[in-house]
Amino acid sequence: MCPDAPLVLGIETSCDETGVGIVRGEALLADEIASSVDEHARFGGVVPEVASRAHLEAMVPTIERACRTAGVALRDLDAVAVTSGPGLAGALMVGVASAKALALSLGVPLYGVNHLASHVAVDIVEHGPLPEPTLALLVSGGHSSLLLVPDVTHDVRSLGSTIDDAAGEAFDKVARVLGMPFPGGPHIDRAARSGEVVLDFPRGLTTGRDMQRYRFDFSFSGLKTAVSRWVAAREASGEPVPVADVAASFQEAVVDVLTRKAVLACREHGVGHLQIGGGVAANSRLRAMAAERCEAAGIELRVPRPGLCTDNGAMVAALGAQMVLRGRTASELSLPADSSLPVTVVQS
Amino acid sequence: MLILGIDTATSAIAVGLSDGERTASDRRIDPKGHAEHLAPLVGDLLAGEGVSPGDLTAIVVGTGPGPFTGLRVGMVTGLTMGHALGVPVHGICSLDVLAHQALCDECESGRPGHRLRTHGDVLVATDARRKEVYWAHYRVGGAPDGRQALLPLTQPAVDRPADLPADLRELPTAGRGPVLYPDLFPHPGGLLDVDGGVLARLGALGLRDGREMPVEPLYLRRPDALTTAERGAGR
Ligand SMILES: [Zn+2]
């Protein structure tokens, strides 16, 4: 570890996790998370106001924990980075205000960064310098995007994204149909392991004209509806629902589309690296199929460990450190939180 | 002693400084711009007074009640600054601050010192959105220690203005309630928003008196959502 490398603290509060990470250059020192997911489970989904209240309570204790884990004091920081968007407006504002308070109190520069670019940058602390350009598939409850990334600190291009539900949202909704608790992803993954892919569910936007118009876009709403209808018809007929087979077949449909389009995008843009991030990247079938298809296509696959794929503060710190290392100008202390920050705007 | 006050419970993003005697304050009216403008406002106030963040000895935040998103920006800013600077953070109900502004001549005029009027009642009614107000009723009276004190006669609450007791609505009323509902609050006090300097001074007085000033947000409303159990029960 290089002692001169910038020490950067990153704050992430775009959804229901209060994340604080600390990075020195490209080395991860701390990644602390306070999650309000248990509170949201009672509501069957993320409630923005519940998330925001939890962020206010958890903010300072999580900063404190991160410093303790990293063995650093706040006064040692060289910069502070924060997710300024996209995300839940009220939740973002707690993190942005806290990051500004740190920057102001400590007299260090502040970097307001894009949540999606951070998901790409986090792999630097896991697998070393990012090969650029890289192609990134980001899949979670909030996003499903294919990105071309020539420079993670200032040039991120969107090739496609979901036109309806995010991939993780489809997992949550189908899990509910199958009587599984929120969040549904891990439950579907577990159930699918004992099931077989015997049901042929639709693959949205993968054929004919759709592949012209929506080449790298995704659609999971039709798939979700098809699964609900199939389960409802089965229940109406009085027969038991083969939960494991439904889960496996649904998961296969999602993962098939995601990996097929990601590999196609790599080929067409001449990119030899694919990175997967976001909460759905924890899905075991997605990891397996991506590995298989990337290998067949001669593409190097990079997937951070599951804890770094879900929302966290380390990813924000990792991108912040790259901003410092590459000499980017700091953000203004008046930077706003922008709930609909476009993916192409890396810094605000 | 140098205390920074931050309040974002009313329409003003309000900041102030108090050394126990002298106060300075600044504010910006932007009900949606808390996250954007608060930190620069604090920075400018400190710079304008020739002090640095490291000179602060305590921070006091307005704990509301107020619209949630804005309220949290002020509170998390105060809490984080306190942690980063290693100084204690205290909380004061934002309606208490408006009541002081209304019932202390010095506070109202911005003069140094703090002297409550010998008697008087005030209703504080601020904008709670959704056609409701946050409100509380205060009176100047003798505290148990014999000094004049501002006594809250009700707990802070949120209600439709027409549902407040009629005799209370007749009192001089501080806050934006009378601007929003002039028919229901016929005696506007002319004070609209919290003043950060008064908040900072109240923090100094509270510390002098050894008062407990917990930093608990006063939401007064639960989040707008039904649990799955409640949805099931309602069906
Ligand atoms: Zn995310």
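I count a residue as exposed when its relative accessible area is over 50%, and as buried when that area is under 20%. I note too that I am working on a predicted model.

**Entry: helix α11 of chain A**

I started with the exposed residues. A:Glu292, A:Glu295 and A:Ala296 of α11(A) are exposed. I then asked which residues of α11(A) are buried. I found A:Leu286, A:Met289, A:Ala290 and A:Cys294. Viewed down the helix axis, the buried residues of α11(A) stay within an arc of 125 degrees, so they line one face of the helix. The exposed residues A:Glu292, A:Glu295 and A:Ala296 sit on the other side. The general rule I kept in mind is that an α-helix has 3.6 residues a turn, so residues three or four places apart point the same way.

α11(A) runs over residues 284–297, which makes 14 residues. From first C-alpha to last, α11(A) reaches 20 Å, close to the 20 Å expected at 1.5 Å a residue.

**Entry: helix α2 of chain B**

I turned to residues 68–85 of chain B, helix α2. Its 18 residues should span 26 Å at 1.5 Å a residue, and the end C-alpha atoms are 26 Å apart, which agrees. How many residues of α2(B) are buried? I get 14 of the 18, so α2(B) is largely enclosed by the rest of the structure. After the helix comes B:Gly86, with a positive phi near 70 degrees.

**Entry: A:Ile63**

I looked up A:Ile63 and placed it in helix α2 of chain A, residues 48–70. Buried or exposed? A:Ile63 has 0% relative accessibility; the cut-off for buried is under 20%, so A:Ile63 counts as buried. I also took its distance to A:Gly298, 235 residues away along the chain: the two C-alpha atoms are separated by 42 Å.

**Entry: the largest pocket**

I got a volume of about 1,200 Å³ for the largest pocket. It is lined by 43 residues, and the closest to its centre are A:Cys15, A:Ser140, A:Gly141, A:Gly142 and A:Asp172. I sorted the lining by class: 16 nonpolar, 19 polar and 8 charged residues.

Next I asked which element gives the largest share of the lining. That is α6(A), with 6 residues. In chain A, α4 (115–121), β8 (155–161), α6 (167–177) and α7 (185–193) each supply at least two lining residues. I checked domains last. Domain 1 (7–122 + 312–325) and domain 2 (134–306) of chain A each give at least three residues to the lining.

Terms used
Residues are numbered from 1 along each chain as its sequence is written. Chains are lettered from A and ligands numbered from 1 in the order in which they are written. This is a predicted model: local features need pLDDT of at least 70, side-chain atom pairs count only at pLDDT 80 or more; totals for chains, interfaces and linings use all residues. Side-chain values use heavy atoms; hydrogens and water are left out. On a 1 Å grid over the protein atoms alone, a cavity is a set of points where a 1.4 Å probe fits but cannot get out, and a pocket is an open set with protein on both sides within 12 Å along at least five of seven lines; lining residues have an atom within 4 Å of a point. Grid points are joined across faces, edges and corners, and a volume is the space filled by probe spheres set on the points. Helices (H or I, at least four residues) and strands (E, at least two) are DSSP runs, numbered from the N terminus. Ala, Val, Leu, Ile, Met, Phe, Trp, Tyr, Cys and Pro count as nonpolar, Asp, Glu, Lys and Arg as charged, and the others, Gly among them, as polar. Domain bounds come from an automatic or database domain assignment. The expected span of a helix is 1.5 Å times one less than its number of residues. Buried means under 20% relative accessible area, exposed over 50%, partly exposed in between (1.4 Å probe, protein chains only). The arc is that of the directions from the helix axis to the C-beta atoms.
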